[in-house]
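Here is a short briefing on one protein structure.

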Amino acid sequence: MPPEPNLPAPQTSQNKVEVLKQAKDALAVWSDIFRYAQADVPPLDDANAASFLATGGLPEHLTSAARHAAIPDDDYVRMRWFGIYQQLHNNGYHMFRIRIPNGLLTPPQLREIAALAQQYARGFVDITTRQCLQFHWLTLEAITGILPRLEKVNLVSTFACGDTPRNVIGCPLTGLLPDEITDASNAIQTVNRLFLDNPSEFSNLPRKFKAAIAGCPLHCHQPHINDLGIFGVLRQNPTTGQNQRGYGLMVGGGLAAQPHIAQSLRIFFTEDQLPAIARGVALIFRDSGYREKRNHARLKFLVADWGWQKFRDALEQKIGFTLDHDDSITGTTHALPTDHLGSGPQKQPGLSYLGLPVECGRLTADQLLTIATLAEKYAGQNAQIRLSNKQNLLFVNIPTANLEPLAKALTAAGLNPHASLWRQSLVTCTGAQFCNLALTETKTRAAQILRFLEEHCPIDSPIFLAITGCPNACAHYQIADIGLTGVLCNFHGTPRTQAFNIFLGGSLNTPPKFATLALRKVPADFVHKAIQQLITAYHSHRLTPTETFRQFLARHPLAQLTQWLTLPEMAQVQ
């Protein structure tokens, strides 16, 4: 159980969420969650029951809906600190997110998650872009039943959502890659514990705070778009001239409606300094971050205004020691859109990893059980499953001789590790099926687009396709090769038709570049055809067989790309 919180200091000009945090620290809602779940409330009357059923509820959950209506809205906001969000329509159901540092899971943990999904969540879970898992269709009663069962397998939901330090992510092959710059395994877990062991210190941040830590040479953990982006550095020690391994730091990255690339603080530090630095950045955000306007409260706005030098000075003052300044550490030299799928050797002799593309990031309870069973069968007591920020997963610690048998067993179970490149590189948000902000449905639509592209548009190098139901970038459309964002349009006189804006050319490689809007309001029923036309043009006009899609986009003017995307049907869109 979380400790008793400390109330934050008063703020002057505050938005409504700041006001409710001042009135009651969000950590204090922990006991209320159980109280609300057990409250004795009368059933709905016939009129309210009919309205509730029209939004998709079930008769056995009418009491839950009534209970939901009796819960103050402020406490529903506070519940986010424990991973609980109201599901679309506010019909008594909730999304519930588990915090999984670096996406590391054991087979027993996966089995328990599968059992919970089967019992409470209609038999499925979603992988998030922060290496977490989340349930849907949960009542508060179900959540209070789930929480102690998660604790028994060393999993929690604390700070999975809300204005908190979110799940600490990293490379899914941390500690395993033969060529990683540094092994950040301990650092990730240490920083995660730092936040969770001192919750009252971090329970009143201006907005969410996202940390990414890895020594991956490909920088797959995307430090550029995190509030705290720690990456591996190999340099010559300026005093001894010998090679030295450590870390660099970028701060103030983020996407959403106003994206920012994080700025490097041009420092070099060692693992023993890393926790103090991570804590210092979070505390600067807590104490100096903007709180007046909710859409201007992320760390990226403070860093943009201060600049990296002022921020570095403030960090040194906060942590109480001088950092090792190194102007050569201006950020990561490249970042590839990979999560290490396929297979390859680990640094541990005789062991290998195997990646599994997960269609649209969604897994059934039966699939979770299959994954847990096969991991144990082929890796034994060292079995581990690792989630990626591309909504896929990897089996690790597999004796190399077992790779092929594992791949065959997965394929026989309907989980093909050698699925198409489209499937490996497709990311989707929750969408209008559950999210109150989304304008379009994404998961089912993404599956339809995926199957069409797999059948009609074969590719020989990865193309990162991101599908988001609104402009908030949960699926990272701004750094994708092809990014879709949900909008509504008038099509053939039908208002509020679901559609997508199409963005092209996002990349975190050197130099980082956010995707550019290429075409507006493509009706959802036709967006796969627009993508097909562009891929056909790519195959027809690339300079060499090895020219990547990203290179192809970079050398063509936007007007030409838009022309290739445009469909005759678009003439009827308003």
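In helix α10, A276, I277, G280, V281, L283, I284 and D287 meet F311, A314, L315, K318 and I319 of helix α12. Contact means heavy atoms within 4.5 Å. The model is predicted: local features need pLDDT of at least 70, side-chain atom pairs count only at pLDDT 80 or more, and totals for chains, interfaces and linings use all residues. Residues are numbered from 1 along each chain as its sequence is written, and side-chain values use heavy atoms, without hydrogens and water.

**Helix packing**
- Helix α10 spans residues 274–288 and helix α12 spans residues 308–319. Helices (H or I, at least four residues) and strands (E, at least two) are DSSP runs, numbered from the N terminus.
- Their axes lie 9 Å apart, at an angle of about 110 degrees. That makes α10 roughly perpendicular to α12 (65 to 115 degrees). Axes are lines fitted to C-alpha atoms, for helices over the stretch in contact, and angles run from 0 to 180 degrees between N-to-C directions.

**Cores**
- The largest nonpolar core has 100 residues, and F135 and L249 have the most contacts inside it. Such a core is a set of buried Ala, Val, Leu, Ile, Met, Phe, Trp, Tyr and Cys residues joined through side-chain atoms within 4.5 Å.
- A second, separate core has 43 residues, including A447 and L484.

**Positive phi**
- A473 is not a glycine, yet has a positive phi of about 70 degrees. A473 is buried, at 5% relative accessible area.
- K521, in strand β21, has a positive phi of about 50 degrees. K521 is partly exposed, at 31%. Buried means under 20% relative accessible area, exposed over 50%, partly exposed in between (1.4 Å probe, protein chains only).

Conventions
Parallel < 35°, antiparallel > 145°, perpendicular 65-115°, else oblique.
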